[in-house]
Each structure stands twice: as structure tokens, then as C-alpha cells.
Amino acid sequence: MELTGKTHKFGDDINTDYIISGRYKFKTLDMSELAQHIFEDIDPDFSKKIGPGDFIVAGNNFGCGSSREQAVLALKYAKIGAIIAKSFARIFFRNGINVGLVLIEANTDSISQNDILRIDLAEGKIFNEAKKEIIQIRPLPDFLLKIINEGGVANYLKKYRDFQI
Amino acid sequence: MGQTIAEKILSSHAGKPVFAGEICVARVDFLMAQDGTAPLVIRAFEELNGDRIFDPEKICFVFDHSAPSPNMGVSALHKLMRDFVRKYGIKKTEIGEGVCHVLMPEKGFLRPGQLVLGADSHTPTYGAMNLMACGVGSTDLAIAMLTGKQWFKVPHTTKIVFYGKLNRGVFAKDMGLLMVKTLTARGAVYQSVEITGEATGRISMDGRFTIANLVTEIGGKNCVMEYDEKTENYIRTFAGDEKINPVFADKDASYSNEIEMDVSKLEPLVAKPHTVDNVCEVEEVRGTKINQAFIGTCTNGRIEDLAVAAKILKGRKVHSDVRAIITPGSRKIYLEAMKKGYIKIFMESGCCVTNPGCGPCVGTHQGVPSDGEVVISTANRNFKGRMGNPQAFIYLASPATVAASAVKGEISDPREFL
């Protein structure tokens, strides 16, 4: 799978309240509506700045805080192409994989705001062509790759009926 | 090879010995979802073509985050949950019964050695009962509801040893904030956190739940506390003479990190806006004017928390510039607080006592601050926007510090009143 997109850069410890505030998430299951409010508390116009397939780039512990699956779903419905972070918080990581959001662990230090990246998931590399840089992706266990390849855990379980470990 | 408590619990539930770093499938003993996450659990359950529950007795839906419903959107989601509860015969706790992480232990649903999942990030709270409880998202909970199992990455373990004797005016919450300050928001990401030491042994079960609750704020997958006589006495209150199976770490268990923390010189602590690990001694922020004080939540809504607040508020008035909100953690706690006269003290001092539940902690109702306002709260999170307004400033502290601050109208040292 190959992805190309523009970056939106954040720092460390971006929590789920910042991704989607609790004041929206408790009253609706309409994820397209939630998608319009992502990152609103730290960047009020964020949802207007993004295009389909854009990448979120962050430091350590992305997605810490609440277990709300609305956080990963709102990003998915906002058509975020992938999230590239140095590390992810545990529940966010599981949620992301479960709903088929592309999560990539890599060193993001050299990536800047508005860079154009090409990601080759099969090869495990991020290409930053303007900067002539290649960044290695930390590989995922095969078991999780299978879930991602099926587009999420629901499809995976429909196909395999049980966890294949 | 020796095992940590997390390795032992996952091994017993996977049906084979497993060690840190492995991925395994394990059966689960109990599941919980609350009104912020259960609607998506139901949707995921349907997406999985779910048509049965592995064991309806082992699942509880809790109405606590926005309860009673403050608007039509929440009402529709609450109805969706109630319809599901009726259809599948699972357990529920209704509005006003209390906050999930107080209720699941209190109702006697849990036992030492169990593997528990909750669709709520503060699920590690139950680890105070010597069990393994992890927070998960809605899809993960739906899968466990359907199949009775889930996949787990066996976590590495961080061991925390609290030692020394707490001084007057310093509480379990301060120990918890010390832990968050020391380890930071990502100090234990994906780790199991074993908590032990003589200082842990000295604090009550209420205090242990407070500390276990804060393990979420260092990124922990779960918390598990050492089993002792206090745990035993607590479990016996609802388990009677049933056989209990506590889990102890092997002497040669392997830890990725071991941290000792001396609490004997600990001062009352405060987490400043906007992160939980932004912790300082109360002295540094003493005098900061406040607009709202809040005592309650899954961190500090237990009877011991209300007792110390009542001790400080007795015969005193909440400052005229402050709204003080008190939310007992459960109906049982509310009733006990009534019996002991705490509720009368709160009312006479000018506090607003709400129904048991999450109260204003998560920003949906019951006390959303205005722009620029300062709140001091006993909760576990002070993220920007947490209480419903990104322009507000939230400080976190012990119930004693919050009660003292409510009286003085500014962040205050509780030792003045104790």
C-alpha cells in the first residue's frame, strides 16, 4: 500500500480530548459531524486546513487519555491518510488498528509542517522527497498487519472467525 | 523463570505460560462500558453480526458520564443502551447509582486474580483489588462481549515501591500525583504497574483505588496492587467465605523498571493546567484565585474523600466567589455520607451536592466553567477543554486541598484546617 499526503505536525502527548472534545462526543454517533471538530480546542480552524489523505505527524504518546473510540473514528471520517508518531498510547493504538486507521511508528524529528510525504507500507519506508530523506517505519507484528490489511478487526473476524495467533 | 503478577494473570487466562512481549488470546472475567463508550460498543457489536453475549452476567453497562441526560442527543444514546440491556439481559447501573469505577468494586462484581476489560481509560482503578483490569475501546469490548476473550500483548512491568510515613494533610492523592510527576504522562506506556511497599500497605482501600486510578495518567496498561489483609477484609465484605485466589509476583520476576518513592517528606501536591504531570507543591500555587471547586469522580469520590472534606467544611462557609460542587461516587457512599452528617455539613457550608455519577469532570454537564475561570478539582485529568471549556484552567489536588481552597477562595494548603 502506498500513500501520499501533506503533513500536519503536532508535539508529544496529544490527548484524546484534543483530538475530539468530550463536549461533542457524548451526544452523537454521527462520526462525520465529529470529524468537523477534530483538534478544535488546540487549533480552532484545523478541520478547514486538512485535505483527504493528509497525514498527522506527532511525537511520543499520541492519543493518550480517554478510551473513546470516537477519537480514531473522527480522524478516519476526516479522511486522515495516516498518523505517523514516535509512539502511540496503548488504547488509541488498539482502537486505530481495530477501525483500520493507518498508524505508523517512526522517528518524526525531521518531518516538518506541510511536508509532502510518500509512504510505502510494504517496504516499511517514508520518503520525504523535497528533503531527500528516507525514514524507516518500525514494523508491526504480522498478526496486527493482517488486521490492518483486512481494513479493521470486524472484517478480520468475519473472515477468520477467530484470532489467528 | 519467575513471573510478574500481570504475566501470571494472563497465563492463567490464556491457558499457557506467557511472558512480556508475547501476544496471546485470553478469556476475560468481567466487562464494563459506560454511556460515553457503550453506544459505540453496540454499533461495533452489530457490525460484528453479534447476536448473543458470551455471558450476560459478566457485562455491565453504566449510566454515569452524562447522567441524568442533559440533552436530546444523550437521551437517544441512553435509550439505545437501555434497549440493548433489555434485549440481551446484561447488567446495568442506572443514573444516580454512581460512577463506574466506584460501582464495579462496590457491587462485588470483581475478584482478585481476574482479567477485566472496561471501555473506559480509568479501568486500571480495579487493580487496587489485586486483579488485572485494562481500558479498551468500544470495538475491543464488543469483541470480548461476543466471544468472551480478547488478544493481549503481555506487558512489561514497572514496579513502584512507596515507603515512609505520610505527614498530616498529605493523602493517597498526593502519592498518586507524586507518581505521575516522577514517571510523567508516558512513563509507563503499555506497561503493567505493580504497586507495593509499606506506605502502600498503610493506606486504605479507598486510597489505593485513588492511586490505581492515576496509573492511567502515566500511560499504564493496568495497575496491580499487592494483596494484603486490607484487601482480604475488603473482598470479604461482598465475597463472604468464598475461596479467594490472590496473585503474588515471583521473587525472580523480571521488571523493566523499579522505582522507589519516599513519601515521608511529601507535601500536598497540585497538578497545574493543562497536563496531569505538571505537578508542583501546593506552596507554589497557593493564593491562586479560584471560581469553582469540585470534589468527586472515580479518583476521589469515596467516603474517605468526603470525610476529610466534611472535616474541613464543618462550621465554615464556601467563599462567596466560589461554586463548590460535591458529587458522591455512588448511592451507597451518598447514603453513608448522609448517615455520618457529611451531606448536611456540605449543604450548610454552601456546597452544591449533585447526584452520584461523573459530575462535571468530563465536561458534559453539572458545572462547565466559563472563559478564563479557574477550577480546582479532585479528578484525574486537567487537559485543556476537559470540563467543557478550552478557555478554563483546571488544577488537580486531594479532597482536603480542594475543600480548603473552596473555603478560602484561592488555592490553599489544607494543613491550615487539619
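# Notebook: two chains and the two domains of chain B

I began with the domains of chain B and found that the C-alpha centres of domain 1 of chain B and domain 2 of chain B lie 24 Å apart. I note at once that this is a predicted model. The domain assignment places domain 1 of chain B at 10-262 and domain 2 of chain B at 270-416. In the contact I counted 37 residues from domain 1 of chain B and 38 residues from domain 2 of chain B.

**Entry: the interface of the two domains**

I looked up the buried area next. Domain 1 of chain B and domain 2 of chain B bury about 3,000 Å² between them, and 57% of this lies on carbon and sulfur atoms. On the side of domain 1 of chain B, the residues that lose the most area to domain 2 of chain B are Lys173(B), Leu177(B) and Asp206(B). Together these three make up 18% of what that side buries.

How many salt bridges does the rule find across the interface of domain 1 of chain B and domain 2 of chain B? I recorded one. I also recorded a salt bridge between the side chains of Glu217(B) and Arg381(B), at 3.1 Å from N to O. For polar contact, the rule finds 22 residue pairs across the interface of domain 1 of chain B and domain 2 of chain B, with both residues at pLDDT 80 or more.

I then asked which helices take part. On the side of domain 1 of chain B that touches domain 2 of chain B, at least two residues each come from α4 (100-106), α6 (172-183) and α8 (205-214) of chain B. With six residues, α8(B) gives the most to that side.

**Entry: the interface of chain A and chain B**

I turned to the two chains and found 44 residues of chain A in contact with 49 residues of chain B. Chain A and chain B bury about 3,900 Å² between them, with 59% of it on carbon and sulfur atoms. Which three residues supply more than any other three of the area that chain A buries against chain B? I noted Phe26(A), Arg90(A) and Arg94(A), which supply 21% of that area.

The rule finds five salt bridges across the interface of chain A and chain B. I looked up a salt bridge of Arg94(A), whose side chain meets that of Asp140(B) at 2.7 Å, N to O. The rule also finds 18 residue pairs in polar contact across the interface of chain A and chain B, both residues at pLDDT 80 or more.

I listed the elements that give two or more residues to the side of chain A that touches chain B: α1 (16-19), α2 (22-25), α5 (70-77), α6 (90-99), α7 (142-149) and α8 (153-160) of chain A. The largest share, seven residues, comes from α6(A). By kind, the residues of this side of chain A divide into 19 nonpolar, twelve polar and 13 charged.

**Entry: the overall form of each chain**

I counted eight helices and seven strands in chain A. The C-alpha trace of chain A spans about 45 × 40 × 25 Å along its principal axes. A compact globule of 165 residues would have a radius of gyration near 15 Å, and the 15 Å of chain A agrees with this.

For chain B I recorded 15 helices and 18 strands. Its C-alpha atoms fill a box of roughly 60 × 50 × 40 Å, taken along the principal axes. A compact globule of 418 residues would have a radius of gyration near 22 Å; the 20 Å of chain B agrees.

**Entry: the backbone**

Most residues other than glycine have a negative phi, and most peptide bonds are trans.

Is the peptide bond from Ala67(B) to Pro68(B) cis or trans? I found this bond to be cis, with omega near -5 degrees. Pro68(B) has its place in the loop between β3 (59-62) and α3 (72-88) of chain B. I found that a cis peptide bond also joins Pro273(B) and His274(B), with omega about -5 degrees. His274(B) is in the loop between β12 (269-271) and β13 (279-281) of chain B.

In chain A I looked up Lys132(A), a residue other than glycine with a positive phi, near 55 degrees. I located Lys132(A) in the loop between β6 (125-128) and β7 (133-136) of chain A.

Notes:
Residues are numbered from 1 along each chain as its sequence is written. Chains are lettered from A and ligands numbered from 1 in the order in which they are written. This is a predicted model: local features need pLDDT of at least 70, side-chain atom pairs count only at pLDDT 80 or more; totals for chains, interfaces and linings use all residues. Side-chain values use heavy atoms; hydrogens and water are left out. Domain bounds come from an automatic or database domain assignment. Contact means heavy atoms within 4.5 Å. Buried area is the accessible area (1.4 Å probe) that two parts lose on being put together, summed over both. A salt bridge is a side-chain nitrogen of Lys or Arg within 4 Å of a carboxyl oxygen of Asp or Glu. A polar contact is a pair of N or O atoms within 3.5 Å; within protein, one must be able to donate a hydrogen and the other to accept it, and residues adjacent in sequence count only if both atoms are side-chain atoms. Helices (H or I, at least four residues) and strands (E, at least two) are DSSP runs, numbered from the N terminus. Ala, Val, Leu, Ile, Met, Phe, Trp, Tyr, Cys and Pro count as nonpolar, Asp, Glu, Lys and Arg as charged, and the others, Gly among them, as polar. The radius of gyration is taken over C-alpha atoms; the globule rule is 2.2 Å times the number of residues to the power 0.38.
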